[in-house]
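The following paragraphs lead through the side-chain contacts of one protein model. Please keep the sequence and the coordinates in view while reading.

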Amino acid sequence: MNIEPWMIGTAIAVLVLLWALFTYNRFISLKNSIEESFKHIDIALAQRFDSLTRIAETIAAYTKHEKEVHTEVTKLRSQFDNQNENEKVKTSNELSRLVSGLQVQVENYPELKANENYLHLQKSINELEERLAASRRTFNARVAKFNTMLQQFPTNLFKFFMKLEKRELLHIDNSKKQD
């Protein structure tokens with residue numbers, strides 16, 4: 001069998017086209033999976049805001065300082081709904097800092113720690129935090145895979161054609177790393 005040069009060229013062109021289609025579809029798949037995993041975080045954060053608002057109200061009944069925390073949580077909650085994905089990530093990180101502050105403040109009030117409403121809310125928040133942590137891990141894994149593909153050659157050429165940008169990872173506050 002005699003292989004003609006045009007056959008080799010056609011085979012190479014078909015392989016390149018198949019690779020391009022596969023890569024394009026992979027980017028679309030990753031982009032959609034990131035958006036889907038962020039929606040899970042979005043839902044968990046909304047539940048977290050609601051629970052934190054209730055717990056901040058409970059704590060505020062015990063002390064004036066926590067009223068400032070309540071105000072800050074309420075402010076972040078009102079901003080959250082109108083933010084884009086990267087802004088929501090930053091707001092989530094700020095809220096994590098506030099949660100740490102609330103937990104430290106509670107230790108100063110033994111009578112609050114025994115309050116039935118507080119205990120129920122704390123249990124709810126702990127469950128939400130676990131779900132949120134799992135959702136964050138999924139989100140970060142997908143974003144890392146997406147960002148890696150976006151930076152590697154030759155798949156990085158697609159970022160120009162598809163107008164793709166590097167995504168923001170959720171991060172852990174430095175104070176939590178030390179705890």
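Does Phe 27 count as buried or exposed? Phe 27 counts as buried because its relative accessibility is 0%; buried means under 20% relative accessible area, exposed means over 50%, and partly exposed lies in between, for a 1.4 Å probe and protein chains only. The model is predicted, so local features need pLDDT of at least 70 and side-chain atom pairs count only at pLDDT 80 or more, while totals for chains, interfaces and linings use all residues. Residues are numbered from 1 along each chain as its sequence is written, and side-chain values use heavy atoms, with hydrogens and water left out.

The aromatic residues come next. A pair of aromatic rings is described by the distance of the centres and the angle of the planes. Rings of Phe, Tyr and Trp (its six-membered ring) pair if their centres lie within 6.5 Å; planes under 30 degrees apart are stacked, those over 60 are edge-to-face, and the rest are tilted. The count by this rule is four aromatic pairs. In one of them, the ring centres of Trp 19 and Phe 158 are 5.6 Å apart and the planes stand at 70°, so this pair is edge-to-face. Trp 19 belongs to helix 1 (residues 5-60) and Phe 158 to helix 6 (residues 158-161), so the pair ties together parts that are 139 residues apart in sequence. Helices here are DSSP runs (H or I, at least four residues), numbered from the N terminus. Trp 19 is partly exposed, with a relative accessible area of 35%, whereas Phe 158 is buried, with a value of 10%.

Phe 158 also pairs with Phe 27: the centres are 6.1 Å apart and the planes are at 40°, so the pair is tilted. Phe 27 lies in helix 1 and Phe 158 in helix 6, so this contact ties together parts that are 131 residues apart in sequence. Ring pairs join Trp 19, Phe 27, Phe 146 and Phe 158 into a cluster. Over the face of Phe 146 lies Arg 167, at 5.6 Å from the ring centre; a charge sits over a ring if NZ of Lys or CZ of Arg is within 6 Å of the ring centre and within 35 degrees of the ring normal.

The charged residues form a second theme. Side chains of opposite charge can pair when their charged atoms come close. The structure holds six salt bridges, each a side-chain nitrogen of Lys or Arg within 4 Å of a carboxyl oxygen of Asp or Glu. One of them joins Arg 142 and Glu 36 (2.7 Å, N to O). Arg 142 is in helix 5 and Glu 36 in helix 1, so the pair ties together parts that are 106 residues apart in sequence. Arg 142 counts as partly exposed at 26% relative accessibility, and Glu 36 is partly exposed at 37%.

Asp 42 forms a salt bridge with Lys 88, and the closest N and O atoms are 3.0 Å apart. Asp 42 lies in helix 1 and Lys 88 in helix 3 (residues 85-106), so parts 46 residues apart in sequence are tied together. Asp 42 is buried, with a relative accessible area of 14%, and Lys 88 counts as buried at 9%.

A further salt bridge brings together Glu 129 and Arg 48 (2.7 Å, N to O). Glu 129 lies in helix 5 (residues 116-151). Arg 48 is buried, with a relative accessible area of 1%.

Methods
Helix = DSSP H or I, 4+ residues; strand = E, 2+ residues; numbered from the N terminus.
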